[in-house]
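This report describes the fold, core, surface and charge pairs of one protein model. The sequence and structure are shown first.

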Amino acid sequence: MRLTPRALLHRMPFRTRLALAFSGLFLITGILLLAFVVVLARYGTAQQVQGISVTYGDLPAGQADPFESARPTRPDLTRDPPSDVAMIQKIDQTVRAVQDTALRQMVLWSAVGLLVLALLAGLLGWWLAGRALHPVASMTDTVRRISEQNLHQRLALTGPDDELHRLADTFDTMLDRLERSFESQRRFVANASHELKTPLAVQRTTLQVGLADPLPDGLSEVREDLLGANREAEQLINALLLLARSDRGLEKTEPVDLVAATRLVAAELAPLAAEAGLRLDIDTGTGTGTGTATSTHAGTDAAVPPTVPGDPVLLRHLLTNLIRNAIQYNHPGGHVLVRLDASTVTVTNTGARVPADRIPDLFEPFRRLDGDRTATTGHGLGLSIAASIAQAHHATLTARPGPEGGLALTLRFS
């Protein structure tokens, strides 16, 4: 699509537009000044030429000509007027030619000087715009670093009380309100989750003690259903607590061995994979193991960085959620592969196809693609918790559909 000059101008950076504006204003002002000087110069020289057109015999009566002795003999105009007229016309043409040449030279060199000065004005405008926009660039860099994990940071712009200073103060005030809102929300989730765990524990104890065997017919199934609902509610509360903890960020970090953590998580989830009839493999750089339920292949551990800085408990939860998600949303006889390569952990699985445009929804809390994914259990918090923990560790978690179904989840540490 061909851009119009107006659209092209709007796509230019503000600093470039400001420099072009300086050059354009200087150029327009110089052109107007040059035109004014040329018009006045032409008019003034024409008046001066007319003023010096003096003929002999113009002295007043009775006044002697002081240059009479030095003056050449005056031609007799009555005898040879054509030659005098031609000489006067030639002088007039010469004067006009000199006048036009002088004006052309003045316009030419003035235009050259004007263009050079306009270029210098543009460069000076570029420099001045950079100096003027330096606080804006500093504010932009600071704002890019601010997220929900470090809302305590402020612009704290120093200098005179001008428009930029007031803008920075307004932004800092907005950050204050956002920080209070986020902290209030996190405290509410954490406190509510803690408060809800107590009655759930009481309910579970009551069910286990009050409905202990032997039971009349029918009550045994009711007890199991109630205990199952109680366990799911407790798992949901634990997930909310974990989400609130990861959203608060990391208070301290320590080196975490990704290979060892991945193997430990795989060993814990091996019974779940065996129950679902899945093959769970771990590749640390040289190949993949095989097995009906789970198998690990150590490969060459030197190909994987031994440690990453982080919270070991949260990183274990992150890996658990990724691998559990790959097992849970799979089909019998499917495959789960965990690959560790450099600072990247990739978990791929088989399963139903997932539309690419629905993948962002998987990272939202309590969102499940029930129409596309086969599992009916879970609360829809697994990937959202994983994404929150990854963000707290300054890592990125992305997903893409597998070529034959399922998902490929990639965790990349910076």
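Which residue just after α9 takes a positive phi? It is His394, with a phi of about 55°.

## Basis of the description

This is a predicted model, in which local features need pLDDT of at least 70 and side-chain atom pairs count only at pLDDT 80 or more, while totals for chains, interfaces and linings use all residues. Residues are numbered from 1 along each chain as its sequence is written, and side-chain values use heavy atoms, with hydrogens and water left out.

## Overall composition

The protein chain has 9 helices and 8 strands. These elements are DSSP runs numbered from the N terminus, helices being H or I with at least four residues and strands being E with at least two. Of the 414 residues of the protein chain, 29% count as buried; buried denotes under 20% relative accessible area, exposed over 50%, and partly exposed the range in between (1.4 Å probe, protein chains only).

The chain exposes about 26300 Å², of which carbon and sulfur atoms supply 61%. Accessible areas come from the Shrake-Rupley method with a 1.4 Å probe, and for residues only the protein chains shown count as cover. Among contacts (heavy atoms within 4.5 Å) between residues at least 6 apart in sequence, 63% join residues at least 24 apart.

Strand β6 (residues 344-349) has 5 of its 6 residues buried, so it is largely enclosed by the rest of the structure. Strand β5 (residues 335-341) pairs with β6 in the antiparallel sense over 6 bridges; strands count as paired if DSSP finds at least two bridges between them. Leu337 has Thr348 of β6 as its bridge partner. The hairpin of β5 and β6 has 2 residues between the strands, and within this hairpin Ala342 takes a positive phi near 55°.

β6 is also joined by 5 bridges to strand β8 (residues 407-413), and these two run antiparallel. The bridge partner of Thr344 in β8 is Arg412. With 6 of its 7 residues buried, β8 is likewise largely enclosed by the rest of the structure. Strand β7 (residues 395-401) pairs with β8 in the antiparallel sense over 7 bridges, with Ala408 of β8 as the bridge partner of Arg400. Between β7 and β8 the hairpin has 5 residues, and Gly405 takes a positive phi near 110° there.

## Nonpolar core and buried helices

The largest nonpolar core has 43 residues, and Leu322, Ile323, Val338, Val345, Val347 and Leu411 have the most contacts inside it. Such a core is a set of buried Ala, Val, Leu, Ile, Met, Phe, Trp, Tyr and Cys residues joined through side-chain atoms within 4.5 Å. Helix α7 gives the most to this core, with 8 residues. Leaving aside neighbours within four places in sequence, the contacts of Leu411 include Leu318, Leu322, Val345 and Ala390.

Thr320 is found in helix α7 (residues 312-328). This threonine counts as buried because its relative accessibility is 14%. Beyond its neighbours within four places in sequence, Thr320 is in contact with Val265 and Leu269. Helix α9 (residues 382-392) is mostly covered, with 8 of its 11 residues buried; among them are Leu383, Ile385, Ile389 and Ala392.

## Nonpolar surface patch

Phe26, Leu108, Trp109, Val112, Val116, Leu117, Leu119, Leu120 and Leu123 make a nonpolar surface patch of about 880 Å². Patches are made of residues with over 30% relative accessible area and no salt bridge, like charges being joined within 9 Å and nonpolar side chains (Val, Leu, Ile, Met, Phe, Trp, Tyr) within 5 Å. Helix α3 (residues 81-145) gives the most to the patch, with 8 residues. Leu119 lies in this helix and is exposed, with a relative accessible area of 56%.

## Salt bridges

A salt bridge is a side-chain nitrogen of Lys or Arg within 4 Å of a carboxyl oxygen of Asp or Glu. The count comes to 6 salt bridges. Arg154 forms one with Glu179, the closest N and O atoms being 2.7 Å apart. This pair links distant parts of the chain, with Arg154 in the loop between α3 and α4 (163-210) and Glu179 in helix α4, 25 residues apart.

The side chains of Arg339 and Asp283 also meet in a salt bridge (2.7 Å, N to O). Arg339 belongs to strand β5 and Asp283 to strand β2 (residues 279-283), 56 residues apart. Arg339 is partly exposed, with a relative accessible area of 37%, whereas Asp283 counts as buried at 4% relative accessibility.
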